[in-house]
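My notes follow in the order I looked things up.

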Amino acid sequence: MSSVLVLALTGAGLILLGLHALIVKVHLLRKILALNIISSGIFLLLAGLAARTPGGEPDPVPQAMVLTGIVVAVAATALALALLLALRSATGRTRLDDDNGQ
Amino acid sequence: MAWLTGLPLAVDLVLGTTLLWLAWRALSSPDLFQAVALFIAFGVILGLVWARLDTIDIALAEIALGAGVTGALLLAALSQLQPAEVDARAAPSATGANEHQAGQPGQTAETADADEAQHKPAVFRALLAAVMGLLLLAALFGLGLVTWQLWEPSSGLTQQVNTHLPESGVEHPVTAVLLNFRGYDTLLEIAVLLLALIGVWSLATASNLGDTTPEPVLAALSRLLAPLMILVAAYLVWVGAHAPGGAFQAGSVLGAAGVLLRLSGWRLPAGAAGWPLRLVLALGVAVFAFIGIAVIGLGEPLLGYPTAWAKHAILVIELAATLSIGAILASLFIGGRP
Amino acid sequence: MLASLSVVLLLAGAAFFLGGSVGMLRFPDVYTRLHALTKADNLGLGLVVLGLMLQAESLAAVGKLFVIWLLLLAASATASQLVASWAQENGFAPWRG
Amino acid sequence: MQYFYFALILFLLLTLVAGLWRIRRGPTPADRMLAAQLFGTTAAAILLVLAEVSDAPALRDVALVLALLAAITVTAFTRRARISLPPGDDDAR
Amino acid sequence: MLPSGAVWTAALVFTPLLAALACFLAPRAANWIGLLAAGLTTLAAATMVPTLMTDGPLRIAVGGWGAPLGIDLYADGLSAVLLLMTAVVGLGVSAFAPAYFGAHPQQRPWFWPLWLILWAALNGLYLSADLFNLYVMLELLGLSAAALTALSGGGPALNAAMRYLLVSLLGSAAYLLGVALLYHAHATVDIALLGARIEPGMLANAALAVMFAGLMLKTALFPFHFWLPPAHAGAPAPVSALLSALVIKGSFYLLLRLWLDLFGDLSRLLPELIGLLGAVAVLWGALQALQQQRLKLMIAYSTVAQIGYLFLAFPLAGGLNGTTAWRAVVYLALAHGLAKAAMFLSAGALLRFAHHDRIADLDRAVHRLPLTLTAFVLAGVSIMGLPPSGGFVGKWLLLEAAFQQDRWGLAVVVLLGGVLAAAYVFKVVGYAFTPTAIAQEAESVPLSMQWSALLLALGAILLGFAAPLLLPLLDVGAPFEPIVGMPS
């Protein structure tokens, strides 16, 4: 049991590592990686806690949710990467423009 | 020999620490290529973690996607972002010297991934970093505490799933949840994939992959592997009815087959690249929605398959979904409109 | 008897994995590291797979294990080939002495 | 026997972590990819042992998928390296 | 279990979804498929009104399993009015789009499937009673909105879309974290079941914190509004209308639901804080709008201000006659949806007309494009909150709640926000009457573009008269009362 707790806490750590990088890093590819790591952390928490059933067989419902989440994350990553490439070819930049207005 | 009982815990500690270290390095190493490579490794370790947690369906999906389409997508994006990198790295004598300066000739300043904008004063930045660090630590502490609090055995919905499993049409609980109990989510999630592809196509970032002639060894490998991947995908759909596996995992492997074929220079015949391809891409959502709505005519609720037909309905949906997911993932990798 | 043979095979496999990793870390250039990789892949995994085959519950499981080994063998052979030719094309001279 | 398997897993895991150092260190992308390949092989071995120890034969399918896809990353990498060279410039250096 | 209920519920989500597939398969027929789907979806939204009025709120177990094992759909008055507003705005934008994209043929085949998926996601969001299903809807909504933002291409739009996508993904990730915590604490993700099982404590507070942070980020409440102006101003005009009028309402609705059904009793401090942020948003957004030189950016900042109003209900809800405050902000959300869509569509028509949207160079647009300027002014009337518009009804109710509880500060913010809105709307009108030195080149604007804007603006005004009809509908199922009916 306790080893599953270790992995769930790892999930919490991943979320915050990712969040930190998402805010601090400016390169968009890095931000995309950060978002993926945040999602992975959340999935680890969601499915990690599913393993604390008394019978030992993990709860299938969170497993299904994580599977759904993983596929959504891939879709989002693909769209974000395509946007990054389009932004790069339009402006030559791979970071967000800090200017809020035009 | 009491220390032996600590071995499983030691395995998990190593896995957890490695995961955190990989995430940290992937997010902070100065070289983007290294970051992506470490991120792919992160995916594999995460797959091992899922295996340790006995969540084998997730392990399958994580490995199939991480080692397949996601990894290839990231590497392809990187190759378009840093076209001149190889020239910059070609100094044969270098032993780690050039990994510290990602910004090479041909890369402009922004690919060097300098951390923060430079116009703010240093004191302000340090203060901001300190405040943010404190906030994040507090959040980590809170999240850890909550996780700790949740730490008492609980069966969640396991019992209810098992009770209704015989009516679901499949024997594997996770597949039953995905395709029957929470099939609505799954239907929409295939729609999310299709949506991402429409978004990618609307951006029309044509990929320049696959225009060179493939290495002979690569062509040979893909001739061997692609049929095997299709076989394994079919096996995963079949096995999903009673064991870990199913449409997502199978679709991910199918998508990987598409990526491999594309990498070895294969292209869709021109006749198939138009609406036949689109039909395959849309098939998953269409079939799922069609069956889900058609059952209303039989007096069933939305997406409620009659128990006698559930098995067949799920099989048809899974086959269509596998084809679509595979085709969408491969098309996401290829990028530009066919 | 079968069990102890299996343990011996697994241990031998583990030793080759160790060798592969040490080689990966210690060998001087990419070509010699290629050798380290192939040792771990071909032999290390092969021995582990063989050890596990002795414990396998069915013939199908044995077959699956064998296929996994073959696949990784093919992958590592291809990878070695591709990486070596890449290294040569990009002007990395093999390490001598 | 259980603990023997766990010890084996731990050992393999540690060699895998050691291999990570090469991914991080490089120095060339080729080194990183070789290390990644070794990484995949070791992970497959761990999955197979784990299938034995937790009596979950389905984990072999995970190893199978990993073995099947192991070539893709390395292939994607080499394609990337080729594409980025200007056409006809392959023998220049 | 009502078969008719299941039928229209299915129609509300699946009509736009399947139409999106059809547009994807037959891009050349996209205009016709899209318009047909818009009509059918609006019809479905309209047919459910009498059903709800006679039978009360509706709960449908998808697949027949029922919560907690399966996913439940739930429709009450709150869902219904938002579905209706979405349908009306959707119809208007769909009528505007063919002519608009006639000038941008390369964007048209992508606009339709993306917009129809966005519509399906919104309808699904308003109908779902399942927190995880809502997560999938949020992602569907966020990804389609980001892709639509990028549609016009070019550096600024792509930059805005990228920022929007990252923000949106972070917001839904935070929301999902809250869902994970709640599921593991209470073994369900059904909102009604959770409402019965949730109890004050650290876990509930943690879930509240992450879910609200994520959704406030997505709703662009001050100070999380940074991503909104460039995204809403940079997108093609019909997309701007969708983003401003509809998309932010989706995440706001979810915030409202969570607050009403799950978290309302947890904190005394949080509603005050949210109200304060809302008040700052009202003033800050309006001041920023006043300073903008470009029409679309001005309208976008106006949205930042109008979002602020929606959050003013939180501090009022706990007090005397708190449901009035909720009714008020829902009414404001409806009025803003119609009015803001009309404004952005007018801006689109003006852009087509003059090829620029510099406010100072509008050059007698009022004479040359009277329909469009009328639409803009009528929408402005609702945004300002002047009678007899929908915005007036909303603000009136909000003021009533504030006065009853002696919250004078909030009342002042409401009034001041209206004055500032009047200032920025009249600034535009003033320039539209003024001739400029250089004669403007002008292109004729298709009537369908002008009329769809005008009809939406008229809708925003008519909303003021519709209050006797809409407020009873809003109360179906008593969404603002503390106790929610349990699933049967």
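**Chain B, fold**

I began with contact range: among contacts in chain B between residues at least 6 apart in sequence, 71% join residues at least 24 apart. A caution before going on: this is a predicted model.

Next I looked up the secondary structure. Chain B comes to 12 helices and zero strands. Read from the N terminus, its elements run α-α-α-α-α-α-α-α-α-α-α-α. I then checked burial. Of the 338 residues in chain B, 54% are buried.

**Which chains touch**

Which chains share the most contacts? I found six pairs of chains in contact, and chains A and B share the most contacts. I also checked two pairs involving chain A that do not touch. Chain A and chain C have no contact, and their closest C-alpha atoms lie 22 Å apart. Chain A and chain D do not touch either, with their nearest C-alpha atoms 11 Å apart.

**The A–B contact**

I took this pair apart. Chain A gives 74 residues to the contact and chain B gives 72 residues. On the side of chain B, these helices each supply at least two residues: H1 (7–28), H2 (32–52), H3 (56–81), H5 (122–149), H6 (158–168), H7 (173–181) and H8 (183–203). H3(B) supplies the largest share of that side, 12 residues. I sorted the side of chain B that touches chain A by class: 45 residues are nonpolar, 16 are polar and 11 are charged.

**H8(B) against chain E**

I followed H8(B) to its contact with helix H5 (residues 131–149) of chain E. The two helices pack at an angle of about 10°, and their axes are 10 Å apart. Angles under 35 degrees count as roughly parallel, so H8(B) and H5(E) are roughly parallel to each other. I listed the residues that meet. From H8(B) they include Leu188(B), Val192(B) and Leu195(B), and from H5(E) they include Val136(E), Leu140(E) and Leu143(E). Charged residues take part too, among them Asp185(B) and Glu189(B) in H8(B) and Glu139(E) in H5(E). By class, the residues of this contact divide into 12 nonpolar, four polar and three charged.

**Chain A, first helix and a loop**

I checked the length of helix H1 (residues 2–24) of chain A. At 1.5 Å a residue, its 23 residues should span 33 Å, and its end C-alpha atoms are 33 Å apart, which agrees. I also looked at its burial. In H1(A), 17 of the 23 residues are buried, so the helix is largely enclosed by the rest of the structure.

Then I picked Ala50(A). It sits in the loop between helix H2 (28–48) and helix H3 (60–91) of chain A. Is Ala50(A) buried or exposed? It counts as buried, because it has 31 C-beta neighbours inside 10 Å, and the cut-off for buried is 20 or more. Leaving aside neighbours within four places in sequence, Ala50(A) is in contact with Pro58(A), Asp59(A), Pro62(A) and Gln63(A), and also with Thr55(B) and Gly156(B). I compared one more position: Val4(A) is 46 residues from Ala50(A) in sequence, but 9.5 Å away in space, C-alpha to C-alpha.

**Strands in chain E**

I finished with strand S1 (residues 58–61) of chain E. Four bridges join S1(E) to strand S2 (residues 72–75) of chain E, and the two run antiparallel. Ile60(E) has Leu73(E) as its bridge partner in S2(E). Which way do the residues of S1(E) point? Leu58(E) and Ile60(E) point one way, Arg59(E) and Ala61(E) point the other way, and all are buried.

Key: Residues are numbered from 1 along each chain as its sequence is written. Chains are lettered from A and ligands numbered from 1 in the order in which they are written. This is a predicted model: local features need pLDDT of at least 70, side-chain atom pairs count only at pLDDT 80 or more; totals for chains, interfaces and linings use all residues. Two residues are in contact if their C-beta atoms, placed from the backbone, lie within 7 Å. The expected span of a helix is 1.5 Å times one less than its number of residues. A residue is buried if 20 or more other C-beta atoms lie within 10 Å of its own, exposed if 12 or fewer, and partly exposed in between; C-beta atoms are placed from the backbone. Axes are lines fitted to C-alpha atoms, for helices over the stretch in contact, and angles run from 0 to 180 degrees between N-to-C directions. Angles under 35 degrees count as roughly parallel, over 145 as roughly antiparallel, 65 to 115 as roughly perpendicular and the rest as oblique. Two strands pair if DSSP finds at least two bridges between them.
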